[in-house]
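Please have the sequence and coordinates open while reading.

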Amino acid sequence: MIYFERFVNLFTKFCDRIAQIGVVAMLLLVFGNILGRKFWKPIFGAYDYVGFIGAVIVAFSIAYCAMKKGHIQVELVVTRFPRRVQGIIDSFIGILSLGLFCVITWQCIVYGNDMRRTGELSMTALAPFYPYIYGIAFGCALLCLVILFELIKSVNKAVKG
Amino acid sequence: MSPGNIAIIGIVLLVLLFLLRMPIAYSMALIGLLGFAYTSTVEGALSVLGKDFWGMFSSYSLTVVPMFVFMGTIAFHSGISGRLFQATYKFLGRLPGGLGIATCYACAAFGACCGSTVAGAAAMGKVTLPEMKKYNYDPSLATACVASAGSLAILIPPSTIFIIYGVMTGESIGKLFAAGILPGILLATLLAITVFILCKRNPNLGPPGESTTWKEKMASLSGVIEMLVLFALVMGGLFVGWFTPTEAGAAGAAGALIIALLKRQITWRGFINSLEETTQITAMVFLIVTGATIFGHFMAITQVPFVLSEWVGGLGVSPYIIMAFIIFGYLIAGCFMDSLAMITLTVPILYPVILKLGFDPIWFGVIVVLVAEMGVITPPVGINVYVIKGVAADVPLETIFKGIWPFLIAEIICAIILIVFPKIALFLPSFMTW
């Protein structure tokens, strides 16, 4: 369990670092485009690439955000229950969340496959969409891993109290 | 089962999942998916899922979020909050409750670089509370003042709530930003007046500070003036149409970073922390908006928002009475729910109602942000109060909540003024013809 925790922590943090590089890349691209438009010519396809980088930033940071308990939740009611009841409720919610994000991961792969098959390209940069959609599928799969880790902790809490 | 009943069951289940501590974004996506599948087909619901995740994650309109958040985190880690407070204190400190009044205006100024209420309260709380403690300010007044004024960050542009409202309704984010400026200044002034009145009636709550010379006042402006000029330029560029909102955010973030580097105000650690905070807030916001979009599809397929708007339109009651009910509802919901979740959940349902009633959607955006500000300070889920409690560990939570009431009244007065004089919000956007 300790090794699993360490792996999930390090890997999600590594992916978040990629998202951080994405923030810097987006900043440089958008700012470079402003300067280019003013003094020379705009960067070709900047609008498309900003959207793609946005997808990378979010996809690679949602899991670490979950690891850091960054996704907003209402703590008002459950914290008042005994520890074991909290564990049971969290296990139930964990199963629902895991199921949801497994389905989302699967659907993103399906959607990415469709896009690859049909050869869908962006409007100006003429870049394919599917690698970024697979990126979102990867991010959601990583989130599944975090939820699974939290679920194991919740089940332990429910069993041991 | 009728679509209306399915929608009501969906909303009840959603609230139940909220209360069971399921993250807001997950709950909305799950109920949206199940509701859509039940009302339409399972295949249809599943195909919407992939498209929504791709559509929202790669949305150009939403890329404004990481840019403005990065601008705010850079400003925070370069220590601008402290310098803003010193500047406002030098000008206003000698008044009764001067430190509190300075806090209100420093929070307003910090709102010009930061779009998150939590970040606003945390940044200003760390700077102002030790000073107010040093000058024997009443702990209840001091903490409640920062918790309330910290929420100005979402009214004064840039604001994450305005961005989300704009993306969800299709309203211009630039116009929403412009609409928040005058109400933000009005609210900062009302909060400052509240501190002044409280301290004038009972000087022990907040004694006046030392008077300062004009030389000291002017010296305090160095270190904040370049940042404020940068933000004025960025916002000005957005308002006159030089930049898209994303470009304005990127220009602001790049400018803030360059200034911080040139003046050696940010460390490498501060820069990395800024990036990490940016990705965390971005992930949280994008996932909530995506969840709300899926839930919105479910609501749309049940036609509840349209039926509701037709029903409200046919009531024959004054639109202002209905607006009062909506605000009251928000106020109550804000006591129990996070503001961001409350807005993403309700705006898709209420937006058609607002249009049907003939209210300006930009003005309603300002009202929504104002009630969100009330939500972050009202018990029991006043997130800003918990943030301030984290900064001032020795002040009991009840003491902070006790001090909130006069400031909450000031915010309600601000909402009433905006309802009576909507032009205050709509004056600046009226100059934006693009």
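The points below take confidence, the interface, the pocket and the cavity in turn.

This is a predicted model, in which local features need pLDDT of at least 70, side-chain atom pairs count only at pLDDT 80 or more, and totals for chains, interfaces and linings use all residues. Residues are numbered from 1 along each chain as its sequence is written, chains are lettered from A and ligands numbered from 1 in the order in which they are written, and side-chain values use heavy atoms, with hydrogens and water left out.

**Confidence**

- Chain B has a mean pLDDT of 88, with 100% of its residues at 70 or more; pLDDT is the predictor's confidence in each residue, from 0 to 100.
- For the complex, the predictor gives a pTM of 0.86 and an ipTM of 0.94.

**Interface between chains A and B**

- Chain A brings 61 residues to the contact and chain B 52 (contact means heavy atoms within 4.5 Å).
- About 5,000 Å² is buried between the chains, and carbon and sulfur atoms give 78% of that area; buried area is the accessible area (1.4 Å probe) that two parts lose on being put together, summed over both.
- Three salt bridges are counted between chain B and chain A (a side-chain nitrogen of Lys or Arg within 4 Å of a carboxyl oxygen of Asp or Glu).
- A:Arg17 forms a salt bridge with B:Glu276, and their closest N and O atoms are 3.9 Å apart.

**Largest pocket**

- Cavities and pockets are found on a 1 Å grid over the protein atoms alone: in a cavity a 1.4 Å probe fits but cannot get out, whereas a pocket is an open set with protein on both sides within 12 Å along at least five of seven lines, and lining residues have an atom within 4 Å of a point.
- The largest pocket holds about 1,300 Å³ of space, a volume being the space filled by probe spheres set on grid points joined across faces, edges and corners.
- Its lining has 47 residues, and B:Ser116, B:Val118, B:Ile281, B:Met284 and B:Ile383 lie nearest the centre.
- α4(B) gives the most to this lining, with seven residues; helices are DSSP runs (H or I, at least four residues) numbered from the N terminus.
- By class, 28 lining residues are nonpolar, twelve polar and seven charged (Ala, Val, Leu, Ile, Met, Phe, Trp, Tyr, Cys and Pro count as nonpolar, Asp, Glu, Lys and Arg as charged, and the others, Gly among them, as polar).

**Largest cavity**

- One cavity of 30 Å³ or more is counted, and the largest cavity has a volume of about 40 Å³.
- Among the residues lining the largest cavity are B:Phe36, B:Leu49 and B:His297.
- Its lining has six nonpolar, two polar and no charged residues.

Technical notes: Helix = DSSP H or I, 4+ residues; strand = E, 2+ residues; numbered from the N terminus.
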